[in-house]
Amino acid sequence: MGADHSTAGFTTLADLASARVGGRAVAANDDFFAPKTNLVNPAPAIFIPDKFTARGKWMDGWETRRRRTPGHDWCVVELGMRGRIRGVDVDTSHFMGNHPSHCSLEALDTPGPVTKALAGLVGAPWTEILPRSPLRGNSHNAFEFGDSLGEVLRPWTHVRLNIYPDGGVARLRVHGEVVVDWPRIRRSGRSIDLANIRLGGLVIAASDMHFGAKDNMIMPGRAKNMGDGWETRRRRGPGYDWAIVRLGTTGLLTRIEIDTNHFKGNYPDSASIEGCFAPEATPMALGSADWFDVLPHTKLQAHHRHYFSDELRHKGPVSHVRLNIFPDGGISRFRVHGTVAPA
């Protein structure tokens, strides 16, 4: 399989391996020059020309020593969210002359921890999902998995990145669909954050994200700073900004939270929320969906957590919500609490 060096469509899906959602590099046979933990860092890799350590050049990635014996190097990553892998990006940014010539990827689905023995085990229970494939240095090497791959698209909890024979990889992005036991949650009857990325929520579209990525809004925890939210540029013409969230599953809404934490001179003046019931709709088809009011046009405050419950006009069933902000600005977190709709 060859790498796709264009912008791959699967990158719009959640990064199952990101440290932001609990992903961890749990084992590696070697990380002499740069630690394995860098692989799942959510931030883009950087390069500092004159930075060195006692072991050599400082690199923002995972880098092994030069191999002088047969074999290859590997690193095991525990996914933060169990899911079906649709594609991976083996990012070799800033590794030139020291990047691996090839890579492969294996996967494992287990509820327990990966022991040292299991991490290095050859063959079963590891399943190869990406055969040995060439890599380019200082590049995003994207590999997509289609529906025809069958067994590959089952849920996984861990991946093992193999590099041949040695070298450095800046980041490993594992994009896919979160798998959630919705029947169990439905039976419990409890209210959950249906928009949370860990429960399959996904921001599928936004009018603008000049200063902050749309996906930040549905990440776990509160924002650590202003850069950890969704922020649009200053609007100079008519209109308003918006973002559409596909809920993890269809739900009956109980409470909504709009958090403007850290946004003080650049929070939206006001917001409204619409919803629709179109579980199978593509992003393009949502343009003609039957949208209805969920939260009327409401004033917002700076650096504040806003909660809405009694104000909600339509509580479900809802598959998608559209957050409208007037006229522009930043939202740090957006929570859509509700119960799973009856089957």
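The model is predicted, so local features need pLDDT of at least 70 and side-chain atom pairs count only at pLDDT 80 or more, while totals for chains, interfaces and linings use all residues. Residues are numbered from 1 along each chain as its sequence is written, and side-chain values use heavy atoms, with hydrogens and water left out.

The second largest pocket holds about 760 Å³ of space. A pocket is an open set of points on a 1 Å grid over the protein atoms alone, where a 1.4 Å probe fits, with protein on both sides within 12 Å along at least five of seven lines. Grid points are joined across faces, edges and corners, and the volume is the space filled by probe spheres set on the points. Lining residues have an atom within 4 Å of a point. The second largest pocket has 32 of them. Leu13, Glu177, Leu202, Ile204 and Arg246 lie nearest its centre. Strands E6 (73–91), E12 (171–178), E14 (202–206), E16 (241–259) and E20 (318–326) each give two or more residues to this lining. Strands here are DSSP runs of E, at least two residues long, numbered from the N terminus. E16 gives the most, with 5 residues. By type, the lining divides into 14 nonpolar, 11 polar and 7 charged residues. Ala, Val, Leu, Ile, Met, Phe, Trp, Tyr, Cys and Pro count as nonpolar, Asp, Glu, Lys and Arg as charged, and the others, Gly among them, as polar.

The whole structure contains 21 salt bridges. A salt bridge is a side-chain nitrogen of Lys or Arg within 4 Å of a carboxyl oxygen of Asp or Glu. One of them joins Asp228 and Arg20, at 2.4 Å from N to O. This pair links distant parts of the chain, 208 residues apart. Asp228 sits in the loop between E14 and strand E15 (230–231), and Arg20 in the loop between strand E1 (14–15) and strand E2 (24–28). Asp228 is buried, at 7% relative accessible area, whereas Arg20 is partly exposed, at 27%. Buried means under 20% relative accessible area, exposed over 50%, and partly exposed in between (1.4 Å probe, protein chains only). Arg20, Asp228 and Arg333 are linked in a network of salt bridges.

A second example is Arg335 with Asp193, whose closest N and O atoms are 3.7 Å apart. Arg335 lies in strand E22 (333–340) and Asp193 in strand E13 (192–193), so the bridge ties together parts 142 residues apart in sequence. Arg335 is buried, at 9%. Asp193 is buried too, at 8%. A further bridge joins Arg305 and Glu257, at 3.0 Å from N to O. Arg305 belongs to strand E19 (305–308) and Glu257 to strand E16, so parts 48 residues apart in sequence are tied together. Arg305 is partly exposed, at 32%, but Glu257 is buried, at 4%.

Strand E16 also holds Val245. Val245 is buried, with a relative accessible area of 1%. Leaving out residues up to four places away in sequence, Val245 touches Ala195, Leu202, Val203, Ser319, His320, Val321 and Phe334. Contact means heavy atoms within 4.5 Å.

There are 2 aromatic pairs. Rings of Phe, Tyr and Trp (its six-membered ring) pair if their centres lie within 6.5 Å; planes under 30 degrees apart count as stacked, over 60 as edge-to-face and the rest as tilted. The rings of Phe32 and Phe33 have centres 5.0 Å apart and planes at 90°, so this pair is edge-to-face. Phe32 is partly exposed, at 24%, and Phe33 is partly exposed, at 25%. Tyr240 and Phe326 form a tilted pair, 4.8 Å centre to centre with 45° between the planes. Tyr240 lies in the loop between E15 and E16 and Phe326 in strand E20, so the pair ties together parts 86 residues apart in sequence. Tyr240 is partly exposed, at 36%, while Phe326 is buried, at 17%.

Phe326 also takes part in a cis peptide bond, to Pro327, with omega near -15°. Pro327 is in the loop between E20 and strand E21 (330–331). The bond from Tyr164 to Pro165 is cis as well, with omega near -15°. Pro165 is in the loop between strand E10 (155–164) and strand E11 (168–169).

Notes. Helix = DSSP H or I, 4+ residues; strand = E, 2+ residues; numbered from the N terminus.
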